[in-house]
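Here is a brief report on one protein chain. Keep the sequence and the 3D view open while reading.

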Amino acid sequence: MVLTCSDPVLKSHLQSLGDRLHYLFIASQAVVAETLPESPYQMAGENIRVAVLPAEGTKCVRCWHYSPQVGHDAEHPHLCERCTAAIAGQEFA
Ligand SMILES: [Zn+2]
């Protein structure tokens with residue numbers, strides 16, 4: 001998903017989440033942009049506009065998030081980077 005935000009304070013908070021922004025929206029990927037891409041699935045709130053697009057990558061069989069990193073570990077070819085770390089008992093950064 002891609003979102004734009006007209007409130008500079010809210011936009012700053014959203015951007016501060018970086019790679020973790022998508023967890024706020026329970027989505028596979030999320031990014032704050034200056035303009036929205038074309039999408040048949042758009043919605044607008046008071047300060048936020050959202051466009052939903054297909055996520056990049058492959059669906060992880062454990063968490064169901066789509067990630068380009070699924071298969072990065074040959075020992076766990078159907079897991080994303082977060083799940084590979086989780087089952088190894090490591091904290092994901
Ligand atoms: Zn996963």
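## Overall layout

Read from the N terminus, the elements follow the order β-α-α-β-β-β-β-β-α. That makes three helices and six strands. The model is predicted.

Along the principal axes, the C-alpha atoms fill a box of roughly 45 × 30 × 15 Å. The protein has 93 residues, and 12% of them are buried. Take the contacts with a separation of 6 or more: 36% of them join residues 24 or more positions apart.

## The sheet

Four strands make up an open sheet. Their order is E2-E1-E4-E3, with mixed pairing. Strand E2 (31–32) and strand E3 (41–44) are the edge strands. Each has a single partner strand, so one side of each has no neighbour in the sheet.

Strand E1 covers residues 2–5 and runs parallel to E2. Two bridges join this pair. Within the pair, Val2 of the protein lies opposite Val31 in E2. In general, strands of a sheet pair through backbone hydrogen bonds, either parallel or antiparallel.

## The nonpolar core

Which residues form the largest nonpolar core? There are five: Cys60, Val70, Leu79, Cys80 and Cys83. Nonpolar side chains tend to be buried together in soluble globular proteins.

Cys80 is one of these core residues.

Methods. Residues numbered from 1 in each chain as written. Predicted model: local features only at pLDDT ≥ 70, side-chain atom pairs only at ≥ 80, totals over all residues. Buried ≥ 20, exposed ≤ 12 C-beta atoms within 10 Å, placed from the backbone. Contact = placed C-beta atoms within 7 Å. Pairing = 2+ DSSP bridges. Core = buried A, V, L, I, M, F, W, Y, C linked by C-beta atoms within 7 Å.
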